[in-house]
Amino acid sequence: QVQLVESGGGLVQAGGSLRLSCAASGRTFNNYVMGWFRQAPGKEREFVALITRSNTVYADSVKGRFTISGDSAKTTVYLQMSGLKPEDTAVYYCAARRFYSTSYRDYDYWGQGTQVTVSS
């Protein structure tokens, strides 16, 4: 059974940092695309970052502030967030799929989400 479990969310002041973790189990993920998405209240879920075997991709809104990384087997994927802004407040989700996509609709596996709240 595939499981993605996020952790590391919390409350932080603007300008602060947090590191989110996603623990993946239940299958081999080294050939999968692992993505981070977020959803703020009343808004559609949006792409944040993804990592493939050879590349990382970021949404423009987080480029230069967030860094996605993972071990080669992608058993754990991280999202290091720095320079946090109030508009980064959302539930952050880890997701996985076999092929590249930045659309949340394309992802097959999801975690339960972790809340990130940035105070001004």
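The side chain of Arg 97 reaches the backbone oxygen of Phe 99 at 2.6 Å. This is a predicted model, in which local features need pLDDT of at least 70, side-chain atom pairs count only at pLDDT 80 or more, and totals for chains, interfaces and linings use all residues. Residues are numbered from 1 along each chain as its sequence is written, and side-chain values use heavy atoms, with hydrogens and water left out.

Q: Which side chain of opposite charge is nearest to Arg 97?
A: Lys and Arg count as positive and Asp and Glu as negative, while His and the chain ends are not counted. Arg 97 is buried (under 20% relative accessible area, with a 1.4 Å probe and protein chains only).

Q: Which backbone oxygen does the side chain of Arg 97 reach at 3.4 Å?
A: Arg 97 has its place in strand β9, residues 90-97. Its side chain reaches, at 3.4 Å, the backbone oxygen of Tyr 100.

Q: How far from Glu 6 is the nearest side chain of opposite charge?
A: Glu 6, found in strand β1 (residues 3-7), is buried yet has no salt bridge. The nearest side chain of opposite charge belongs to Arg 45, at a distance of 7.6 Å.

Q: Which residue has its backbone nitrogen 2.9 Å from a polar atom of the side chain of Glu 6?
A: The backbone nitrogen of Gln 112 lies 3.0 Å from a polar atom of the Glu 6 side chain. The one at 2.9 Å belongs to Gly 113.

Note on methods:
Helix = DSSP H or I, 4+ residues; strand = E, 2+ residues; numbered from the N terminus. Buried < 20%, exposed > 50% of the residue type's maximum accessible area, 1.4 Å probe, protein only. Salt bridge = Lys/Arg side-chain N within 4 Å of Asp/Glu carboxyl O. Polar contact = N/O pair within 3.5 Å; in protein donor to acceptor, adjacent residues only side chain to side chain.
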